[in-house]
Amino acid sequence: MNQLSGEGTAGPTSGSPAPGWYVDPAGATRWWDGTSWSAHVAPDTQGVNVADQAWGPDPAADRSTALIVHLVTLFGGIIGVGIMYAVTRERSQFVRHHVTEALNFVLCILIISLVVPLVLIAAVFGGLAVFGEAGVAAFALFFPVIILAWIVQIVPPILAMMAANRGEWYRYPYIYRFVSGPVPITDAA
């Protein structure tokens, strides 16, 4: 069974879904004739698992939840995103996709945040041992790396928030995915 994305008689994206059985905005499984909802309701709507649907009964709430997940990525760190993952991952595939992407991003940033300072400390002490005081000057070269790391932590979650608000399935670039999402999405190369 498919899930119609959007509210009312048309989805949030351009074009109309093909005719078929979809979960309507009220949460009932109803026949979509390609242009509007029909009066035909599926007899067994009790067995529909919202977590298996691309969108939950309220697509606007799914978009808002996904946006909040990425906002928590900026300010809540691993703890905030972990809580959001535990609370919202069963809501719909769209929300689970976004919370999984946010969790993978925060895990990568956490690992980088632990490794980069160790490398910088080793570089400074190694530079001091080999070059003496001239090795400290090499430390100044790492400041652009620190600024770049800060930008990488801020910009992708903002882009993800904007994509989630538009109802798009955003993927963070250049991260390792420790936790798999609800549906496999291939990168367009």
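Reader: What are the ground rules here?

Author: The model is predicted: local features need pLDDT of at least 70, side-chain atom pairs count only at pLDDT 80 or more, and totals for chains, interfaces and linings use all residues. Residues are numbered from 1 along each chain as its sequence is written, and side-chain values use heavy atoms, without hydrogens and water.

Reader: How many helices and strands does the protein have, and in which order do the elements run?

Author: Helices (H or I, at least four residues) and strands (E, at least two) are DSSP runs, numbered from the N terminus. The protein has 5 helices and 4 strands. The order from the N terminus is β-β-β-β-α-α-α-α-α.

Reader: How do I check the span of helix α1?

Author: The expected span is 1.5 Å times one less than the number of residues. Helix α1 (residues 59-75) has 17 residues and reaches 25 Å from first C-alpha to last, close to the expected 24 Å. α3 has 39 residues and reaches 55 Å, close to the expected 57 Å.

Reader: What follows α1 and α3?

Author: G77 follows α1, with a positive phi near 65 degrees. G132 follows α3, with a positive phi near 75 degrees.

Reader: Which residues of α1 are buried?

Author: Buried means under 20% relative accessible area, exposed over 50%, partly exposed in between (1.4 Å probe, protein chains only). An α-helix has 3.6 residues a turn, so residues three or four places apart point the same way. In α1, the buried residues include A61, T65, V69 and V72.

Reader: What do the buried residues of α1 pack against?

Author: Contact means heavy atoms within 4.5 Å. The partners are α2 (77-88), α3 (93-131) and α5 (143-166).
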